[in-house]
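Subject: Handover of a structure and summary of findings

Dear colleague,

Please find below the structure that I am handing over to you, with its sequence.

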Amino acid sequence: MKIKFGIKEVVATGIGTALFVVLTEVQIPLVIVPNTALQPRMAILSFLAAVFGPMVGALVGLLGHALGDALFYGSVWWSWVLPEAIVGIAIGLFRKRFGVKEGAFGKNAIIWFNIVQIIANAIAWVGAAPALDVAVYAEPSNKVFAQGALACLGNVIIIGVLGSILLAAYSKIAGKSSSLTKED
């Protein structure tokens, strides 16, 4: 698969990273497990990955999370930065299947999008993040696997609702725009 990274992708990465950083502080804490929250920024990540592909998804996840951690918390927790990239890459790899730019983000595409994002979040947050926490930071496994599972659930909900809404709305606009361009 050829990965395109032109001007549009550079701009999407810059704007997406800035939005991701700004939305770092917008969260609903999940008091069941410490240091986990519902974060709308994940909807932005999923949207950009589904529209612009895996490279934009990876960069927005990596840069946005790292910068957000550094600015708001004073240090970067790399074991949670890398899973953001995993989610962005996974969703981005299936962007053609979603048909967002073509105005084809309908029922079947929404189902596929959510299957992909659920699997990506499970790999990232139930697998990679806790394993990296244990390996890199020597965190207790029972704590980090609980955090990862709750982060996964929160991300699945946020992306499933807000991400799907953003993509459906954009797809309607993009579909009309591309049909006007084809007719000219």
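A salt bridge, in what follows, is a side-chain nitrogen of Lys or Arg within 4 Å of a carboxyl oxygen of Asp or Glu. By that criterion, the structure holds two salt bridges. Please bear in mind throughout that this is a predicted model.

**The salt bridges**

One of the pairs joins E84 to R41, with 3.4 Å between the closest N and O atoms.

E139 is buried, because its relative accessible area is 17%, which is under the 20% limit.

**Buried positions and their contacts**

T17 lies in helix 1, which covers residues 7-22. T17 counts as buried because its relative accessibility is 8%. Which residues does T17 touch, not counting those up to four places away in sequence? They are L59, V60, L63, G64 and L67. One of these, L63, is found in helix 3 (residues 54-73).

Helix 3 also contains G57. G57 counts as buried because its relative accessibility is 0%. Not counting residues up to four places away in sequence, G57 touches L45, A49, G88 and I89. The C-alpha atoms of G57 and L45 are 6.1 Å apart in space, while the two residues are 12 residues apart in sequence.

M55 is a further residue of helix 3. M55 is partly exposed, because its relative accessible area is 37%. A distance of 7.9 Å separates the C-alpha atoms of M55 and G88, which are 33 residues apart along the chain. G88 is also among the residues that G57 touches.

T36 is located in the loop between strand 1 (28-29) and strand 2 (37-38). Its relative accessible area is 6%, so T36 is buried. Leaving aside neighbours within four places in sequence, T36 is in contact with P29, L30, W80, Q147 and L150. The C-alpha atoms of T36 and A149 are separated by 9.8 Å, although the residues are 113 residues apart along the chain.

N155 has its place in helix 7 (residues 141-183). N155 is buried, because its relative accessible area is 4%. Apart from neighbours within four places in sequence, N155 is in contact with M42, Q117, N121, W125 and G160.

L63 is partly exposed, because its relative accessible area is 39%.

**A backbone feature**

One residue deserves a separate note. Most residues other than glycine have a negative phi. A138 is not a glycine, yet its phi is positive, at about 55°. Where does A138 lie? A138 lies in the loop between helix 6 (107-137) and helix 7. At 65% relative accessibility, A138 counts as exposed, because this value is over the 50% limit.

Yours sincerely

Terms used: Residues are numbered from 1 along each chain as its sequence is written. This is a predicted model: local features need pLDDT of at least 70, side-chain atom pairs count only at pLDDT 80 or more; totals for chains, interfaces and linings use all residues. Side-chain values use heavy atoms; hydrogens and water are left out. Helices (H or I, at least four residues) and strands (E, at least two) are DSSP runs, numbered from the N terminus. Buried means under 20% relative accessible area, exposed over 50%, partly exposed in between (1.4 Å probe, protein chains only). Contact means heavy atoms within 4.5 Å.
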